[in-house]
Amino acid sequence: MATSSHERNLACRTVRARLFRPLHGIGVCVCAMLVAALSTAALGQPRSSTTPVILVVPFAAGGSLDAVARLLAPQLQSKLNQPVVVDNKAGDGGALGAQFVARARPDGHTLLLATTDVLLLRPESGTKLPFRVEKDFSPIVELASMSYVLLVAPDSPSGSVGDLLSGAQSKELKIGSQAPGTAGYLAAEAFASAGKIKSIHVPYRDSASTLADLSSGVVDVAFASVGAALPHIKAGTLKALAVSSASRTPLLPGVQTLAESGFPAPPIDIGIGVFGPGGMSRDTITAYNRQMNEVLRSPELQRKLADLGYVPVGAGAEQFERKLRSDTLQSAVLAGRTQAMSVSGAPSGPVSVPSIVGGAPPAAAAPAPPAAAAAAPMSPTPPPDPPARAAPPVAMAPPHPLPTPVDLSGNQRPPPIVAFWNAWFERDGKVSNRLAVDTAYTFVLDLSRYQRRPEAGAPVSKEAGKILDAAVHSTRFTIRLLFTGGTVRPTETQGPSASVPLSVYTPRLRSEGLTPNELVAWRDGKLTSDVYLSRASAGYARFDVMTVGEGCGTVAISVWDDTGLRPLDHLAYQYAVGNPQTCAQHDRLTAGIGTMLALSSSPAAGQAIAEADAALHIFDVPLGARDRGSVVWYVDRAELKAGSAQAPGIYAWQTQSSLKNYIQTPTQLPAMVRDAREAAASARDWPYAKVAEDLRKKLFSVENERRYGADARRAQAALEKMVNDSTQTPVIVARLAVSADTLDYLPLSLLAARAEKPFLSKQFVTVQPLRRERLRQEGTCVGPWTLGIPTKLSGIDGEIESDLAGFALPDPKWPLSWSRDMEHLRSGFKARSGPYGAANSVAAKADTPGEGVVLLSHHSEGNLWFDDPLDKLVQEDFQRELGRGSVAVIAACSIGGSSPLSYKLIDQLNERNVDTMILSPFEVDAPFGARLAMNFVREIDSALRNNTGDAVVDVFGRAWAETEKYFQRTIARDFHDMRLEFVVLGDPDARLCKR
């Protein structure tokens, strides 16, 4: 259910708030009301032909698949008489776009154009994906296919596959191809295995790099797609020996297949197909298949496909489905598993990239296993060479695990594994200790027997170590990342919480992978990360990121078991962008569950960070193909330090539904809050009791009682005991992660609402970090104030309207800039220097006092306005950079609400050094907001006159108490618990300056 922005703005102006009916009819909501209208689609009525068809391409624009999509879209649009829009959703090797389509409604308006290796090869190669091909997709048509071609340099003495094999008997062949997990990589592995040759596999970022190195002699032979190789073959700069497909390709009719060359490797090619979401009706599939086959008959399209290296295919949907079930690609994966491990003399897996440090030769082959072990099935191959830096994240692991283990230690249990987590940023394979602004990097998380440096590597936890010890050959963890600090952002968002599987090849943790000299070179930064990962890593993940601003930051990394529901470890990697001297630590990795309790993960230099009494980390995750849920991790500091088995202090569970959706959906928590306000306005007892009870039930609900029920109940009891038994106000740090660098805000304080039998008998402080996590440093304070409080605000009348029109401070003794109209407020925020001089300009120094901002306005979609919704302050108007440690108190509706533009406004203020915000994610009644803003300004004036240096949140509390008294006096109503709706984001200890 949704309304247009215009409708919501209109509602804001015309709908009277129900909450303050006793206020003689006054009370327009300060924001756009979340009133929704049912759409015809929601009622099940057919969509009109103007509804676009979204053709999802799971790779970035500019590639060959994107080119095919843009050839297909206009012709399909002409056939359908309906808009067809190409939507590039790149990430995770194509899995991100495929997952989007798998979760779409099977109504024919969302389609996937993908190569078959995206759907078939990666699941078979050991990478866990959030969909199942046979269940979550409806095959429609195979548009085209493409072969891979075996290439050598033009001056190579090898004129045939036989010549190449003969020459390979006397030396190792360096074979270039694309990254592990691609069809080109598989073709290279199958070729080396079936030919019983010694080889070194060299993976590349893309085909262009592979072919360039082949031409220059860096590698001896390469596999590339026909489309990439065709221009080089025609120009004579490369020589084709054979194609990997079962039959010759019409694009290279004179080139034999590997089979025709007498070579036993299985045929490998890839297809391009169109897929719908699983469950699409047969009539819709048939109609699309017919239209696309007609499009494929176009001579122009066939010519353009040939130019890209593709051979048109077509045919029926059933034929495509049958082919997928027994696809040559899938058969080749299975053949590669068995042949690469059973052919005598063949390598047991991908061989490491040769070291480039001092021209060191490649590592010697491993010695033959003992006779007792030789008869047993071979162990899985070690992790492959590092992949090209593709879209984030990429989790690397053993590509060919076999279920039958090998006991290489006889009957003796091997000693416990000693393993370390390592983390770093790199650029072009080189570790970067100092990050520059506006620069692309790759963040790497590695598990190894080596510690990069004592401060940059951390031992695995006891729980994770137990899993590693129990795994003879391979195991898997789930990794969830959150980039905090606002200085680094992923280049592409990998779904909720950036959750990726990390497979670990445990024999790497029991054997030397680097020589002593290489280990010294690695720790000194003289060995490339690609070489280290290929030789020493037991498992690693890569995330492509971009630095977006100077400052301190932390990558918070949570480690879970294979199910993603049992927490094992928590890591914090601190880094600096720009000048590292401004940060407490940089290039430092710390581990331990206790790191979750830090009130800030990005401390400045010399800043001590206190711990909270408890931590609540929530990750929004998919449940099945289309539903969402939340994984909750609760840590109790007292229990954790006590170390009791009965109360371990670490609890995790999966909720029945998404807490993010519960907070944002207008008919759920926001509706209950509106009802609570109406109950308060009607003088009912315990008006917020139902809100507190419903929030408690949602937070501690479990998706599976037998699996998670005990942890959820014990966490609830721990929270209740921690709050109710405390002698001081307890502090809880809460993070609700909805993506790799995005936090939502949880009104957790509502749990403490008054009730006849309350869940929590005391209130507590919730610390919810902003994107840039900065806490107050010693000596910093909030000095001057900017007031965006108008003389007229639509939606109020009577006494409050009169008070607002005449509101002023007699002879203020502190720096003050008052904007009573939107033009003045807008020009003040657009100015490069503030109303107090250059101290508040972009060149503000660290010791510049922070600035306070009070905004009383209406709010809609990230825009603020007073009386005329067309005369507004938009996000782009916030240009002035304030002093560090600034504060914003915003009496406007749903600033922290569900709109992405609301979050963007919060981020915009945070980017301008606003480190503390007090606001509400719910509707704020205009008369109440106006009275609260006026009282807050009076309390600020009093505190500055008294020179007490109060915390801003304490001043806000006193203003709230005065506002409560006003409404108790004028309408005899108790709005005490309404304060719990407001959230404090960022630093809760921001303080007023003393003179």
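Predicted model: local features only at pLDDT ≥ 70, side-chain atom pairs only at ≥ 80, totals over all residues.
**Stop one: a helix pair**

Start by selecting residues 669-681, which form helix H21, together with residues 689-699, which form helix H22. Look down the pair and you'll find the two axes 8 Å apart, at an angle of about 160°. Angles over 145 degrees count as roughly antiparallel, so that is how H21 lies relative to H22.

Now show side chains where the helices touch. On the H21 side, pick Leu 669, Met 672, Val 673 and Ala 676; what they meet in H22 is Lys 690, Val 691 and Asp 694. Colour this contact by residue type and you get five nonpolar residues, two charged ones and no polar ones.

Next, jump to strand S32 (858-860), strand S33 (residues 863-865) and strand S34 (872-873). Together they make an open sheet of three strands, ordered S32-S33-S34, and the pairing is antiparallel. S32 and S34 are the edge strands, each pairing on one side only. Zoom in on S33 and S34: these two run antiparallel and are joined by two bridges. To see who faces whom here, select Trp 865 and find Lys 872 of S34 opposite.

**Stop three: a buried serine**

Finish at helix H18, residues 529-536, and click on Ser 529. Is Ser 529 buried or exposed? Its relative accessibility is 0%, so Ser 529 counts as buried. Before you leave, bring up Glu 426 too: its side chain and that of Ser 529 are joined by a polar contact of 2.5 Å.

Note on methods. Residues numbered from 1 in each chain as written. Heavy atoms only, no water. Axes fitted to C-alpha atoms, helices over the stretch in contact; angles between N-to-C directions. Helix = DSSP H or I, 4+ residues; strand = E, 2+ residues; numbered from the N terminus. Parallel < 35°, antiparallel > 145°, perpendicular 65-115°, else oblique. Contact = heavy atoms within 4.5 Å. Nonpolar A, V, L, I, M, F, W, Y, C, P; charged D, E, K, R; others polar. Pairing = 2+ DSSP bridges. Buried < 20%, exposed > 50% of the residue type's maximum accessible area, 1.4 Å probe, protein only. Polar contact = N/O pair within 3.5 Å; in protein donor to acceptor, adjacent residues only side chain to side chain.
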